Amino acid sequence: MANKEATARIKINKMLESAGWRFFPEGNRPANIRLEPQVTLKRHDIDTLGDDFERYEKGFIDFLLLDEKGFPLIVLEAKSEARNPLSGKEQARKYAKSMKCRFVILSNGNLHYFWDLERGNPYLITSFPTHASVSEYQKVAPNPRRLVSERVEEDYIVLTQRPSYSSEAGWGIEKERPVYLLTNKLRLLRPYQLKAIHSLQKAAEDGRDRYLFEMATGTGKTLIAAAIIKLFLRTGNARRALFLVDRLELEEQAKKAFTELLSADYTSVIYKENRDDWRRAEIVVTTVQSLLFNNKYQALFSPTDFDLIISDEAHRSIGGNARAVFDYFVGYKLGLTATPKDYLKRFNPVNAVTNDPRATERRQLLDTYRTFGCESGQPTFRYSLIDGVNDGYLINPTVVDARTDITAKLLSEQGFIVSFTDEDGEDHKDAYNQREFEKRFFSDATNHLFCKTFLDSALRDPISGEIGKSIVFAVSQNHAAKLTQIFNQHANRMFPGKYHSDFAVQVTSQIQDAQQLTVQFANNNLLGSGNFNSAYKTSHARVCVTVGMMTTGYDCTDILNIGLFRPIFSPTDFIQIKGRGTRKHHFPNELFDKTIIGDNPNPDKTSFKLFDFFANCEYFETEFNYDEVLKLPPISVSRNGRDGGAQPTPIEGEYYYPGPDMLTTVKEVAIGNIGMKIDRMFFERFEDTVKGDPEIVSAVEAGQWDRVVDYVNKEVFNKPEEYYDINKLRKATAVDRRITLREILEKIFGLIPHFKTKDELLEEEFAKFVADSKPEEPASIPAIKHYFKAYITNDEVRHIIESKQYTDLATNPVFSARDYKAVPAKYRRLVPEYVKDYVSLNQFVN
């Protein structure tokens with residue numbers, strides 16, 4: 001035991017020395033030393049401590065760390081290597097209080113905890129904090145009450161950007177406000193963004209210090225992060241925030257955003273550009289990779305250097321070893337992610353094979369939720385793509401599913417069959433699947449066909465008429481180089497004299513200054529601008545061909561086309577890539593060329609095209625198993641292993657297809673408000689919740705619907721885990737009328753096959769009316785039905801009929817005066833009477 005105690009003491013001494021602390025035995029500290037951090041050893045020599053120094057009867061403090069004035073700063077309680085350092089927690093608390101110390105370190109030489117007595121629980125650390133860092137950290141007096149009570153409204157950021165905005169003329173005139181906000185780059189918080197911040201405040205009130213926001217791409221996570229940083233800094237719960245990103249191109253993007261939003265009150269820097277003076281800033285932005293290299297974060301920073309740590313794209317930036325960087329720091333933690341984990345919710349890892357894409361993603365996402373204190377699988381706040389589309393903030397794509405003769409075969413169960421004869425005259429057949437495209441199976445004809453189909457069907461820029469800005473995702477860097485060359489060849493033929501091998505640009509890690517190319521593309525000056533219209537600033541280069549650089553966090557709102565020139569097996573990648581196009585964009589309508597666009601141009605981006613050459617959308621919509629427990633067999637091939645089952649045995653060598661290729665199918669499908677299945681998970685979560693509640697199940701089985709509805713309203717709705725409510729569920733079902741909670745529950749428990757549409761209900765109600773009134777003239781039924789439906793569904797028609805202002809029907813777009821005259825006189829009166837007596841109008845409201 002004595003050896004373990006001595007070893008622990010030696011290790012602790014070394015760690016203190018490496019953190020810059022100097023040692024003076026008690027009573028021998030020079031009186032004139034005041035400016036350097038000190039450590040007082042309450043025991044002079046390890047050898048004199050006896051066999052068990054932890055039981056030293058007088059209970060002396062093991063180490064007392066002093067501030068620059070010689071006053072107690074930290075109590076360090078040492079335990080032997082054989083004991084858990086947390087066992088000394090209460091003993092250390094007593095010592096700290098007696099010495100009026102706020103901070104405690106608990107260590108056994110191998111495990112170490114830093115404990116801020118004013119904040120909560122001991123936090124596991126991997127190195128000791130420096131004196132300077134703790135001294136700074138001490139200046140922050142955490143006050144969760146202030147954090148919770150701080151009033152955050154829609155102008156929370158604007159009050160930093162322009163404190164006197166509300167008294168300015170541009171704001172005072174309501175109709176001029178949009179132009180005023182845009183001109184001055186002022187950012188009001190949207191309702192759901194406010195709800196996210198308020199949910200964090202509620203979680204803080206509940207004692208939590210880790211939070212996770214799961215929000216769709218394009219919903220303004222960086223703006224929310226800025227508001228939360230301000231919240232923590234302004235309330236004194238942080239003095240410095242660290243913003244971690246996972247890609248170089250996102251560093252500058254984040255720093256630029258924080259500067260635009262918060263520079264009036266706080267300084268933002270990129271660490272690598274301010275290595276010597278980053279401490280002057282309140283917001284430090286860096287990539288997690290730059291800190292992870294050679295464990296630089298331990299040498300560069302102390303665990304107490306940051307009080308708030310925010311991880312952008314959290315499922316990536318804290319994945320694998322990167323989590324060590326995130327966990328190194330003591331402080332509040334916030335994770336931001338656009339990737340929902342619901343499609344993994346019933347993944348069964350027991351029988352999973354290693355090449356199932358969900359295996360890795362399950363580990364990543366579950367680790368993410370655990371890291372942020374959301375072990376239940378419920379984030380602090382969630383806002384999905386479907387929420388954004390239904391609320392009018394985001395848009396869904398129009399999917400162009402294009403398959404060629406070759407890709408159809410690659411996607412088939414059999415694969416692309418290649419027959420050949422070996423040197424001995426033996427005939428052989430080998431199969432290639434879509435995974436091997438541009439890896440072991442090559443077809444120039446197919447790549448040319450991809451590019452031509454894309455250019456022929458791509459959305460055009462609504463102002464200049466040229467190909468809309470586009471991102472194409474290739475299999476590999478070599479594939480990206482090929483596609484770039486092919487695009488430029490086609491552009492020369494389609495637009496003579498307009499481009500000189502600068503229509504498409506390869507943007508991959510092998511390309512010099514690739515990061516800067518992504519910035520220039522977003523800023524509309526990649527290889528110049530204004531090629532078709534000199535007054536219009538848009539990127540001269542129209543297509544960026546990449547592999548993975550522009551998948552996450554890349555903000556370019558005027559993207560009109562995305563090309564999937566490769567198969568995708570990861571749901572996370574699919575969501576992220578699709579998300580590059582979901583942001584809305586307003587084109588400057590004063591520059592529209594009517595000769596190109598027509599007389600009624602729409603200045604707003606209302607959709608984008610998602611070109612899918614490998615049936616990725618179909619796979620994630622119909623084949624990817626989101627909900628079933630996966631018990632993957634050892635040998636099974638579906639879509640050539642795309643579901644993660646065993647793969648066909650690889651064959652030796654590569655195959656270059658020499659022949660032509662041709663399109664076999666091209667289908668365009670506009671994705672409506674219901675969204676893709678990968679985005680449509682809120683209703684399924686609610687279904688799981690109610691089916692798992694025995695109280696609800698028993699009441700449904702007993703047919704006690706009043707009891708069921710009352711229980712759901714009181715015990716399920718508006719709880720912080722999910723914030724279910726009837727309006728969200730209505731949006732998730734995407735039915736064109738106001739369905740009732742009972743209908744939703746009946747559908748969940750299989751009592752009705754589907755939700756009836758508004759027109760189906762109208763047809764049912766009209767059938768009842770016909771059965772009751774028995775019209776004598778069959779020829780008049782269509783006119784009566786039109787009147788019946790219009791009266792039920794249109795408030796203005798009802799008002800006109802009830803007030804007898806029939807002349808107003810002349811301008812009514814739903815039911816005209818001519819329509820009214822076609823209705824037999826008897827039924828002009830019977831329809832309103834019947835509706836008032838027998839039809840509930842509420843169910844037909846949108």
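Mentor: Handedness first, then: a crossing is left-handed if the near helix is turned anticlockwise from the far one by less than a right angle, and right-handed if clockwise. Helices (H or I, at least four residues) and strands (E, at least two) are DSSP runs, numbered from the N terminus. This is a predicted model, in which local features need pLDDT of at least 70 and side-chain atom pairs count only at pLDDT 80 or more, while totals for chains, interfaces and linings use all residues. Residues are numbered from 1 along each chain as its sequence is written, and side-chain values use heavy atoms, with hydrogens and water left out.

Trainee: OK. At what angle do H25 and H26 cross?

Mentor: Helix H25 (residues 694-701) and helix H26 (residues 705-716) cross at roughly 165°, and their axes come within 8 Å. H25 is therefore roughly antiparallel to H26. Angles under 35 degrees count as roughly parallel, over 145 as roughly antiparallel, 65 to 115 as roughly perpendicular and the rest as oblique. Axes are lines fitted to C-alpha atoms, for helices over the stretch in contact, with angles from 0 to 180 degrees between N-to-C directions.

Trainee: Is that crossing left-handed or right-handed?

Mentor: The crossing of H25 and H26 is left-handed.

Trainee: And which residues of H25 and H26 meet?

Mentor: On the H25 side, Glu-695, Ile-696, Ser-698, Ala-699 and Val-700; on the H26 side, Trp-705, Arg-707, Val-708, Tyr-711, Val-712 and Val-716. Contact means heavy atoms within 4.5 Å. By class, this contact of H25 with H26 has eight nonpolar, one polar and two charged residues. Ala, Val, Leu, Ile, Met, Phe, Trp, Tyr, Cys and Pro count as nonpolar, Asp, Glu, Lys and Arg as charged, and the others, Gly among them, as polar.

Trainee: What about H30 and H33, how do they cross?

Mentor: The axes of helix H30 (residues 781-793) and helix H33 (residues 825-838) come within 10 Å and cross at roughly 40°. That makes H30 oblique to H33. The crossing of H30 and H33 is right-handed. Their contact divides into 10 nonpolar, no polar and two charged residues.

Trainee: Switching topic. Why is H3 largely enclosed?

Mentor: Six of the eight residues of helix H3 (residues 131-138) are buried, so the rest of the structure largely encloses H3. Buried means under 20% relative accessible area, exposed over 50%, partly exposed in between (1.4 Å probe, protein chains only). The buried ones are His-131, Ser-133, Val-134, Ser-135, Glu-136 and Tyr-137.

Trainee: Which strands do they pack against?

Mentor: Strand E3 (63-66), strand E4 (72-78), strand E5 (103-107) and strand E6 (112-116). Both faces of E3 are covered, with Phe-63 and Leu-65 buried on one side and Leu-64 and Leu-66 on the other.

Trainee: How are E3 and E4 paired?

Mentor: In the antiparallel sense, over four bridges. Two strands pair if DSSP finds at least two bridges between them. Phe-63 has Leu-76 in E4 as its bridge partner. The hairpin has five residues between the strands, and Gly-70 there takes a positive phi near 90°.

Trainee: Last one: what order do the strands take in the seven-stranded sheet?

Mentor: The order is E10-E11-E9-E12-E13-E8-E14, in an open sheet with parallel pairing. Strand E10 (268-270) and strand E14 (381-383) are the edges, each pairing on one side only. Neighbouring strands of this sheet are turned by 15° against each other on average, direction ignored. Strand E9 (residues 241-245) is joined to strand E11 (residues 283-287) by five bridges, and Leu-244 stands opposite Thr-286 in E11. Helix H8 (residues 191-205) lies across strand E8 (210-215), strand E13 (332-337) and E14, at about 160° to E8.
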